[in-house]
Structure formats: structure tokens, C-alpha cells
Number of protein chains: 2
Amino acid sequence: MQQGHEHHFDPKEQLRSVGLRVTAPRVAVLRTVAEHPHSDADRIAAHVRDELGSVSTQAVYDVLKACVGNGLLRKIEPAGSPARYEARIGDNHHHLVCRACGTVVDIDCVVGAAPCLTPSDDHGFVIDEAEVTFWGMCPGCRQS
Amino acid sequence: MQQGHEHHFDPKEQLRSVGLRVTAPRVAVLRTVAEHPHSDADRIAAHVRDELGSVSTQAVYDVLKACVGNGLLRKIEPAGSPARYEARIGDNHHHLVCRACGTVVDIDCVVGAAPCLTPSDDHGFVIDEAEVTFWGMCPGCRQS
DNA sequence: CCCTATTCTTGACTTATTCCAGAAAACGGG
DNA sequence: CCCGTTTTCTGGAATAAGTCAAGAATAGGG
């Protein structure tokens, strides 16, 4: 991987900070997701196995669940693709998905404080999130 | 069902208008979805079987796919639940989903011309839809 | 009213994910 | 530094949602 570590991103420290044990699969999963955002479980498992030799599918799912549950990762589930994971959490950004190849890219919320967050009628619900997904065709797929 | 047919909604005519054959399963599916919006395939199949006696699961999936493909129904896939279907199409409304029970309710787009429809950077994509999903807890689940 | 294209049925199969029970490894106390 | 407990990881099986395939049935135009 050519990408540098501009963020000085430390998976071990992240894990400890939320009270999770530091294990090789967890560190590898966190690093993989940071380096390849919007990967699905399969792809993450493949990368982790490249790095560690052999890790069970379940370990990958368990790690992902633990990290999502502790706020280290975010899980997104665009219709039609398996769940995808990203390390960029805490900011209110959205996603743009290609209908053809499923590629996901991040979209910063244009309108600042998210006007979409306030529906006209909340039907008595307590709303905690407004998720925006843009759908379209990526440049590559448009040429086919 | 107590709800009247204010809309003078005719499934047969709808089917013909898009060039689909009129069959009992199709009519029953369209009516079921109109009467029970946001139902999943299983629930729709159950209602259709109540009405017609016996219809295969595949027939239901085929009918749903045909109707979605021809613009008679819309398919929504909130993370964590099976796909759901609704007959309200053509308007740009959104959805509010209960994190606990999965109940879906319709939300009219507050901000009129949908400012969210214009992301800051489209990454070269041709965007054709902005889908907004609100997440929260419904009144019923909040009490548990 | 018949023919043909389309649709429906049955049943097996995929894909994504979860469950389970036991083996292995991490971390805090002695 | 080692030990025990707790948590995690492994391997295999199971589940849920949806799809595929081949033949039987049926809608509707001519």
C-alpha cells in the first residue's frame, strides 16, 4: 500500500481506548478498513488473511461487530450490496453509490447542519439519524 | 381492512397500462401492497395466500420484480430488514425507520426541492436519486 | 377458439451472515 | 514472570432472503 499514515492512526490505541482487547485480527481489520474504506466483509477478510495468514470468517464478523458496537467503525448497507465498513466516523457524511458496480464514495453534507434532519412530521418517533444515500452511475460504468 | 378506496385504485388497469398481463397473483399483490404499505415479501405472500388460497413464493417475488421494474411499486431496503414494498410512487418522499421493530413510516420531503439532492462534489457520477432514511425509535418501542 | 408467449409451480441453490461448542490467547493479580 | 479467568478465535453447521431452472399452466391476440 502506497498510502502514508498522515493521520498517525493507531489501531491498538483505538482498541484500548474503548476497552477492547488488542488482538492481531482486530488490528488487521481496523487497518484494512482505514486503508480500503467501504470494503465488505469478504474483501476485509481477504486483506486480513493476506496479512496474518489465516483468520476465520467468523473472527472477521465478530471483530467488525465489536468495532461497530464500540464506535470504531461504521457499517453501511446500501441496497443490493453486502454491508460495507468505514473508519471515518463521528462526522455526518453521506454516501454516493454506483448503481452498476456498487462503488461507494463519501459525500460531505453540503448544507451544513443538515436540514434533512428535520422531517415535517416525526410520527412520535425519536429520531437520531438522517442517512442520505445518493444513487447514480460512476464515470467508469457510464462508458459501458 | 377498514380503509376505503378513496383513490379509486384499480390494479387491473394499472397492470394493463404498463403492458403487463392481468393475473390473479398480480392483482392480489398490488392490492396487498396498497393496503399494507412497507410490507416485506413474506407478509405480502401471506396476504396473497389468504386471498387466493395458494401462491408460490417465487410468483410473489416475480410479481414484485415485474411491478417494481414497471414503476407500479417501489422497493425499499432499510439496513437490517428484508426488502419492503410500497405503492406510493412518483413523489419524492422518504422514510423513517424504527431501530427496534423495523416499522417504516412515510416522511414527506420537508425542504421542497430537496437541497440534499445536490452534493458538494459528485465525483464525476451522474446522480439520479437522493434517498433519505431517518432512524429512530417509534412510540411503542420507546416504552419497552 | 386456438396458439404462442408469458407466467406460475416446485425444488434446488447462492450469498451474506449468525450460532454453537470447544480451543486458544490476552491481560491483571500474585 | 507465571497463572487463572475472561474473552476471543476456530471450524462447522445453520439460517434468512432471495435467485435460478425446467416444465406445467394460462392469458389474450388473431
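First, the ground rules. This is a predicted model, where local features need pLDDT of at least 70, side-chain atom pairs count only at pLDDT 80 or more, and totals for chains, interfaces and linings use all residues. Residues are numbered from 1 along each chain as its sequence is written, while chains are lettered from A and ligands numbered from 1 in the order in which they are written.

Let's start with symmetry. Turn chain A by 180°, shift it 0.0 Å along the axis, and it lies on chain B with an RMSD of 0.1 Å. The superposition is by least squares on the C-alpha atoms of residues with pLDDT of at least 70 in both copies. The two copies are thus related as by a two-fold rotation axis. Which residue of chain A comes closest to that axis? Val132(A), with its C-alpha at 2.2 Å.

Now the contact between the chains. Chain A gives 32 residues and chain B gives 32 residues. Contact here means C-beta atoms, placed from the backbone, within 7 Å. Of the contact residues of chain A, 100% recur in chain B, so the same surface serves both copies.

Which element supplies the largest share on chain A's side? Strand 6 of chain A, with 12 residues. Helices (H or I, at least four residues) and strands (E, at least two) are DSSP runs, numbered from the N terminus. By class, chain A's side has 20 nonpolar, 6 polar and 6 charged residues. Nonpolar means Ala, Val, Leu, Ile, Met, Phe, Trp, Tyr, Cys and Pro; charged means Asp, Glu, Lys and Arg; the others, Gly among them, are polar.

Look at strand 6 again. Strand 6 of chain A pairs with strand 6 of chain B, residues 126–137, in the antiparallel sense over 11 bridges. Pairing needs at least two DSSP bridges. In that strand of chain B, Phe134(B) stands opposite Ala130(A).

On to the DNA. Near means a C-beta atom, placed from the backbone, within 6 Å. Helix 4 of chain A gives the largest share here, 5 residues. The classes are 11 nonpolar, 6 polar and 5 charged.

Around DNA strand C there are 23 residues, with Pro82(A), Thr23(B) and Ser56(B) among the closest. Helix 4 of chain B gives the largest share, 4 residues.

Key: Contact = placed C-beta atoms within 7 Å.
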